[in-house]
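Hi everyone, thanks for coming. Let me put the model up on the screen, and then we'll walk through it together.

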Amino acid sequence: MTNNLTRSTDDVVIVGGGLAGLFCALKLAPRPVTLISAAPLGQGASSAWAQGGIAAAMAEGDTPEAHAADTIAVGGGIVDEAVALGLAREAAARIHDLLAHGVPFDRDLEGRLAVGREAAHSARRIVHVRGDGAGAAIIAALSEAVRRTPSIRLIEGLVAEALLTEDGAVTGLQLREAGNFSARPTMIASRAVVLATGGIGHLYAVTTNPDEASGSGLAIAARAGAVIADPEFVQFHPTAIMAGRDPAPLATEALRGEGATLVNSHGKRFMSALHPLDELAPRDIVARGVFAEIAAGRGAFLDARAALGRRFADRFPTVHASCIAAGIDPATQAIPIAPAAHYHMGGIAVDARGRSSIDGLWAGGEVASTGAHGANRLASNSLLEAVVYAARIADDIAGRAIPSSARLPDVLMTPRGEAPDAAAVKRLRAMMSARVGVIRDDDGLAEAVRSFAALEREGTSIAVRNMATSALLVAVSAWSRRESRGAHFRIDHPADVPALAQRTMTTLAAARAVAESLNEHLQPRTAQPMIA
């Protein structure tokens with residue numbers, strides 16, 4: 001017999017305790033929801049670490065159309081324009097929802113929402129909480145609201161390791177106690193599953209993401225046959241603080257919005273030669289600029305001494321605390337930085353309602369790919385996308401009758417668990433950073449594809465196999481896209497190719513086929529993107 005957590009099979013099961021998962025659960029109330037979080041609520045979610053804020057055209061003179069235009073401009077020519085406009089138009093309503101849940105957004109002296117400006121935005125439209133604490137404040141407020149909502153059954157400390165399907169439809173999930181790899185798996189039946197498991201940052205050796213962001217949701221959906229969109233597009237935050245910590249603390253983009261500059265070890269600014277917006281250029285360009293200075297041995301630093309000086313601690317307390325902990329006083333010293341894996345534009349392909357290609361599976365937040373970000377995400381659009389799509393998913397589910405006949409399989413998919421091989425994980429993360437990172441080329445990507453395919457096939461731990469699955473999807477799509485676009489930069493193909501200005505739609509089966517062709521030393525064949 002297998003253990004199961006099924007209270008009633010008409011429960012909607014949401015996996016993920018970040019912004020998308022919490023907001024979706026609250027929007028579904030009073031419908032019965034089971035919310036599964038790997039970490040204690042409020043911890044382990046990238047949303048809680050977000051230092052920027054939420055982009056919303058709410059200030060006088062700003063418009064959703066202008067916000068959408070900025071989103072499209074930085075997206076590398078593959079943003080779904082209708083999606084971007086819809087996102088921008090729903091922003092104000094979602095901000096008011098968050099205010100109703102008690103999120104203390106900053107206000108000006110007249111009591112209006114205070115708005116800041118960040119990179120590549122044409123107007124001041126970012127709402128913050130105490131400068132750099134929006135993510136933590138939002139997650140804290142929503143976590144409290146979830147705990148107060150009787151229709152939400154909260155289960156903490158379980159990781160989803162497999163998606164259960166039958167005849168192309170979801171029937172439930174296989175779960176395991178987080179960190180206890182020898183524990184017997186548990187199953188939960190549901191015909192309506194929402195994945196909100198976050199991104200893939202922890203597949204890289206240097207990342208700003210928590211440990212939980214290891215691509216597990218992407219992997220279990222892909223293993224179940226879901227279409228995956230744009231996995232090659234990974235955004236690297238250009239200003240992670242190099243303090244020897246994993247994950248690396250983040251120096252928010254808002255610092256550059258307030259006038260902080262990027263300099264090398266000689267004190268020379270280097271962005272002016274690379275882009276007319278200097279330090280406020282799109283993130284991919286800034287990341288490559290920072291990467292180039294480090295690669296040349298000149299180092300890279302964020303200098304806020306003139307722009308903020310002694311005001312740093314009050315304006316940006318989170319960054320200030322990270323610097324002080326690392327022995328750096330940002331009021332009097334430049335902060336050493338490097339690019340770090342930060343956000344995945346790719347993910348489970350979903351439509352305007354958050355539906356995946358598998359019946360009964362929705363996805364929201366970073367694990368999903370909506371088409372809103374294209375090849376490069378505009379600053380502070382990620383939290384906005386999470387709340388907009390969480391609300392849409394809730395609306396879509398609310399209008400549907402979910403069958404209550406979900407049947408659990410008689411046999412566990414992976415009855416025995418094994419602890420991840422620490423050396424294998426370290427090699428995978430190093431390979432992702434070195435070969436599938438800020439700057440890529442054919443040979444490095446082919447090496448990564450072969451390595452990840454072998455690990456996915458032969459790994460003894462399901463956690464490691466899931467990491468390898470997500471890494472393989474990213475590496476194959478990066479190898480297949482023989483151009484540079486947005487955050488995807490190929491040094492051997494540095495120009496964009498107009499004919500490739502389309503989104504990638506792929507599957508795990510297609511990625512495995514490419515890996516096999518490379519492994520057999522056949523004439524490699526590019527996996528042509530399907531158009532959604």
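Let's start with a question: is the crossing of α14 and α15 left-handed or right-handed? It is left-handed, meaning the near helix is turned anticlockwise from the far one by less than a right angle; clockwise would be right-handed. A word on the source: this is a predicted model, where local features need pLDDT of at least 70, side-chain atom pairs count only at pLDDT 80 or more, and totals for chains, interfaces and linings use all residues. Residues are numbered from 1 along each chain as its sequence is written, and side-chain values use heavy atoms, with hydrogens and water left out.

Back to our pair. Helices here are DSSP runs of H or I with at least four residues, strands are E runs of at least two, and both are numbered from the N terminus. α14 and α15 pack at about 70 degrees with axes 9 Å apart, the axes being lines fitted to C-alpha atoms over the stretch in contact, and angles running from 0 to 180 degrees between N-to-C directions. That makes α14 roughly perpendicular to α15, a label covering 65 to 115 degrees.

Who meets whom? On the α14 side we have T469, L472, L473, V476 and W479, facing L508, A511, R512, V514, A515 and L518 of α15; contact means heavy atoms within 4.5 Å.

The buried residues of α15 are L508, A511, V514, A515, S517 and L518, where buried is under 20% relative accessible area with a 1.4 Å probe, protein chains only. Besides α14, they pack against α6, α13 and β20.

Notes
Buried < 20%, exposed > 50% of the residue type's maximum accessible area, 1.4 Å probe, protein only. Parallel < 35°, antiparallel > 145°, perpendicular 65-115°, else oblique.
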